[in-house]
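Here is a short report for a reader meeting this structure for the first time. Look over the sequence and the model, then read on.

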Amino acid sequence: MQRFKKIVCVVTSNSSSKATLERAVALANNNQAQLTVVKVIEKIPSNIKIPDSILSFEKIQASIIAEHRRELTELIAPWRNNTEIQTKVLIGTPFLEIIHEVLRNDYDLVIKAVEGDGRFKSVIGSNDMHLLRKCPCLVWLVKPGSPTSYRRILAAVDVDDYADPEELNVRRLLTDKVIDMASSLALSEFAELHIAHAWEAIGETELRSGFIKISEEDTAAYIDKVKQQHSVSLNKIMDEINTKLGRSSFEYLNPQSHLLKGEPHKEIPALADKIGADIVVMGTVARTGISGFFMGNTAETI
């Protein structure tokens, strides 16, 4: 299942770059995809006054670029004989240069090590967050210590149908991408596939507060009805996976569905811990205006 055609792997100077590159090479080989490895370096400010007695601004910048190219060549050396790998050194703000590179060359995946130092290994850096919010293609962030192969893959989907038609269409397209990515990865990794959706009954807290005159029986009936609606929607997703993969692949994967009651930003990580998920696949929708980013509300918190 060739999910990717062009992959760009972003490396830095930290220790996670080798593991991230190893993952990118495996993906490229499994998908027969083109692989480009890039490194983004800072530009020397043009307003710095350099004395005439030393190298010019242009020569200093060229020397720095040459050194990083040498480092890239050294980094990809272990895989060069079996995999065709291109390298590039980009200059500027990391997330902007990566996005420009994606737009110029139509990549369908950016794979990158999570940025940050040893004190904040669990925190996503600003460049990574900008990429997740704004990059026009899929972004795969690899944490330090990530396994070289995956046993369990968790796809978090949104099957709510409480929105206007345009919004629902965006959600469906996003869900399709999440399922496509997770299914493809599970097949190539021979991994378990888990599909999860977290739901809430709007107003449940108020109905149970005692200030509203409604019986517990009616409240329970309402909550059960909401649960049924979400269950039907999740089952439709599972049927769609069956249709897309085909019977043999679906039976081989035997994906497990999880209908979770509660807030997504709490329930999805809890399930990931419970099943020992190695990777979580989820979608982000950039929005403007007062609604802000979907990333800022759910996926970012997860």
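**Basis**

This is a predicted model, in which local features need pLDDT of at least 70, side-chain atom pairs count only at pLDDT 80 or more, and totals for chains, interfaces and linings use all residues. Residues are numbered from 1 along each chain as its sequence is written, and side-chain values use heavy atoms, with hydrogens and water left out.

**Overall fold**

The chain has 10 helices and nine strands. Helices (H or I, at least four residues) and strands (E, at least two) are DSSP runs, numbered from the N terminus. Of the 302 residues in the chain, 39% are buried. Buried means under 20% relative accessible area, exposed means over 50%, and partly exposed lies in between (1.4 Å probe, protein chains only). Take the contacts between residues at least 6 apart in sequence: 73% of them join residues at least 24 apart. Contact means heavy atoms within 4.5 Å.

**The cavity**

A search of the whole structure finds one cavity of 30 Å³ or more. A cavity is a set of points on a 1 Å grid over the protein atoms alone, where a 1.4 Å probe fits but cannot get out; lining residues have an atom within 4 Å of a point. Grid points are joined across faces, edges and corners, and the volume is the space filled by probe spheres set on the points.

The largest cavity holds about 40 Å³ of space. Its lining is made by Asp176, Ile179, Ile237, Glu240, Ile241 and Lys244. Helix H5 (165-189) and helix H7 (216-245) are the elements that give two or more residues to this lining. H7 gives the most, with four residues. By class, the lining has three nonpolar, no polar and three charged residues. Here Ala, Val, Leu, Ile, Met, Phe, Trp, Tyr, Cys and Pro count as nonpolar, Asp, Glu, Lys and Arg as charged, and the others, Gly among them, as polar.

H7 has 30 residues. Its first and last C-alpha atoms are 43 Å apart, close to the 44 Å expected at 1.5 Å a residue. The expected span is 1.5 Å times one less than the number of residues. Buried residues of H7 include Thr219, His230, Leu234, Ile237 and Ile241. Ile237 and Ile241 also line the largest cavity. The buried residues of H7 pack against H5, strand E7 (192-199), helix H6 (204-207), helix H8 (247-253) and strand E8 (256-261). Glycine 246 follows H7, with a positive phi near 90°.

H5 has 25 residues, and its end C-alpha atoms are 36 Å apart, which agrees with the 36 Å it should span.

**Salt bridges**

The whole structure has 13 salt bridges. A salt bridge is a side-chain nitrogen of Lys or Arg within 4 Å of a carboxyl oxygen of Asp or Glu. Three of them are tabulated here.

| Glutamate 71 | Lysine 39 | 2.9 Å |

Glutamate 71 forms its salt bridge with lysine 39. Glutamate 71 lies in helix H2 (residues 57-76) and lysine 39 in strand E2 (residues 34-41), so the pair ties together parts 32 residues apart in sequence. Glutamate 71 is partly exposed, at 29% relative accessibility. Lysine 39 is buried, at 6%.

Glutamate 101 is buried, with a relative accessible area of 2%. Lysine 88 is partly exposed, at 26%.

**Single residues**

Histidine 194 lies in strand E7. Its relative accessibility is 3%, so histidine 194 counts as buried. Histidine 194 and serine 257 are 63 residues apart in sequence, yet 5.8 Å apart in space, C-alpha to C-alpha. Leaving aside neighbours within four places in sequence, the contacts of histidine 194 include Arg152, Leu154, His258 and Ile275.

Most residues other than glycine have a negative phi. Which value does phi of glutamine 32 take? Phi of glutamine 32 is positive, near 50°. Glutamine 32 lies in the loop between helix H1 (17-31) and E2, and is exposed at 65% relative accessibility. Phenylalanine 190 has a positive phi near 55°. Phenylalanine 190 lies in the loop between H5 and E7, and is exposed, with a relative accessible area of 66%.

Methods:
1 Å grid on protein atoms, 1.4 Å probe; cavity = no way out; pocket = protein on both sides within 12 Å on 5 of 7 lines; lining within 4 Å.
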